[in-house]
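Biologist: I would like a close look at one part of this model. Please start with the terms, then go through it step by step.

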Amino acid sequence: MRYISTRGGAEPLSYCETLLEGLAPDGGLAVPEVMPQVDGETLERWRGLSYPDLATEVLGLFATDIPRDDLARMTAAAYADFPGDVVPLRSVGDVTLVGLSEGPTLAFKDMAMQFLGQVVEYALERTGDVLNVLGATSGDTGSAAEHALRGKERISVFMLSPQGRMSAFQRAQMFSLDDENVHNIAVDGVFDDCQNLVKQLAGDLDFKRAQRLGAVNSINLARITAQVVYYFWAWLRATDAGGWAEVSFTVPSGNFGNILSGFYARQMGLPVHRLVLATNENNVLDEFFRTGVYRPRAAAETLATSSPSMDISKASNLERFIFELLDRDAPRVAAAWRELDEQGFFDVASERPRFTEEFGIVSGSSTHADRLATIRDVHESTGELIDPHTADGVKVAREHVESGVPMLVLETAKPQKFAETIREAIGVEVEYSPELQAMLDAPQQVTELPDDAETLRRYIETHALR
Ligand SMILES: *Cc1c(COP(=O)(O)O)cnc(C)c1O
């Protein structure tokens with residue numbers, strides 16, 4: 001299997017070659033040259049597999065340049081520390097939650113990042129290279145990356161975060177790590193300042209090459225493929241053997257990464273009825289799926305909400321959906337993004353009927369008040385606590401439940417990460433396990449730097465692996 005660019009102007013790459021690529025050289029995103037297909041017989045054969053074994057099967061369709069034994073070793077290592085059967089399903093009233101937040105940082109990003117840590121290390125061992133990961137985070141991505149890459153010999157992590165702007169829990173999750181290869185840098189600025197610093201340094205190609213800089217951000221293809229696995233898993237758990245029943249999924253969305261993986265699973269042949277995209281007040285994607293007009297917002301117009309991991313201005317993975325929508329016609333994709341650059345939006349409203357009829361996608365949005373009401377209602381009726389992002393999902397899912405079609409909602413984080421909103425919703429404090437309490441009380445390490453590219457450059461030159 002080879003990977004081509006959505007804009008058609010780059011040489012095809014193997015799976016391992018895409019791992020450390022950000023954008024393709026033509027500005028597009030890597031996509032499978034042909035979508036692998038899975039038939040009913042194969043699905044039935046997969047029913048009894050453990051999560052790591054299912055991951056080996058599904059990822060094996062994408063990572064054809066990795067020998068099966070190596071892949072099996074990596075999926076086993078990636079999910080070894082997850083409790084129980086890795087991804088538990090539990091019903092809360094009329095919907096079923098798919099538990100994707102059992103990993104070390106209590107958010108679904110661990111599902112992909114833990115595998116990415118394994119496969120990046122593997123690719124570096126094959127080439128004898130080292131990698132310095134440079135990233136910016138407002139919380140979830142940075143901690144998932146650090147927990148996946150900590151202690152790895154060929155990799156170090158430089159993670160920028162806005163000083164004083166993360167929650168106490170997020171700070172503890174990152175800053176309590178004392179691994180030598182993890183560098184937490186608190187920048188005197190906001191998240192956009194952090195991201196601009198990353199862009200400046202990674203945009204300097206000489207510096208990037210000399211310091212062996214790379215990224216593990218949400219457009220990373222290995223992350224997308226690792227997320228495809230749990231859609232298959234959830235379908236296998238929610239349906240009876242031998243049937244060909246359809247289920248629907250609701251996905252709390254930001255950068256369109258998680259739901260894109262569900263879209264890929266459906267394109268591969270998984271019987272999915274609807275993919276329900278849920279946004280918060282930053283509803284650029286809901287607007288797109290309702291109108292066919294994509295109009296990303298400026299960072300300054302992006303609201304800070306109580307489901308902060310969905311506070312995005314533009315959805316970096318949407319281009320991979322548009323590529324399929326435009327029948328894999330790369331010049332048309334390139335033209336849409338040119339329009340976007342020139343006029344601030346593009347319009348594919350003429351294709352809008354296909355969003356649902358052909359691709360199964362519908363959408364909805366949720367507000368702070370909806371979130372609180374949903375957390376409260378689920379707690380009162382079932383005793384279960386859900387986090388604010390999952391609550392956005394449950395709220396929108398309930399508007400799309402159809403009789404005879406199980407509705408699965410992806411649980412993208414645990415409530416312990418968002419204690420303030422839980423308190424506001426139900427008036428109680430969330431309880432922390434002894435391990436989490438120990439993490440919250442542990443000493444913290446962070447380097448404070450000014451919002452200045454030169455200072456950061458020198459810091460990286462001094463501390464980078466080479
Ligand atoms: C990252 C994140 C999301 C959004 O996922 P995308 O792949 O960006 O759409 C939703 N909820 C939580 C808790 C997250 O961390």
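Modeller: A helix here is a DSSP run of H or I with at least four residues, a strand a run of E with at least two, and both are numbered from the N terminus. The model is predicted, so local features need pLDDT of at least 70 and side-chain atom pairs 80 or more, while totals for chains, interfaces and linings use all residues. Residues are numbered from 1 along each chain, and side-chain values use heavy atoms, without hydrogens or water.

Take helix 18, residues 419-426. Its buried residues are Ala419, Thr421, Ile422, Ala425 and Ile426. They sit on the same side of helix 18, because they cover an arc of only 160° around the axis. That arc is taken from the directions from the helix axis to the C-beta atoms. Buried means under 20% relative accessible area, exposed over 50%, and partly exposed in between (1.4 Å probe, protein chains only).

What does this side meet? The buried residues of helix 18 pack against helix 16 (368-382) and helix 17 (388-398). Contact means heavy atoms within 4.5 Å. Just after helix 18 comes Gly427, with a positive phi of about 75°.

Asp140 places a polar side-chain atom 2.8 Å from a ligand oxygen. Phe256 uses its backbone: an N or O atom there lies 3.2 Å from an oxygen of the ligand. In the side chain of Thr412, an N or O atom is 3.0 Å from a ligand nitrogen. Alone, the ligand exposes 390 Å², and the protein buries 96% of that. These areas come from the Shrake-Rupley method with a 1.4 Å probe.

Glu319 belongs to helix 13 (residues 318-325). Its relative accessibility is 4%, so Glu319 counts as buried. Beyond its neighbours within four places in sequence, Glu319 is in contact with Thr6, Arg7, Gly28, Leu29, Val333 and Trp337. Ala334 lies in helix 14 (residues 330-343). Ala334 counts as buried because its relative accessibility is 16%.

Note on methods:
Polar contact = N/O pair within 3.5 Å; in protein donor to acceptor, adjacent residues only side chain to side chain.
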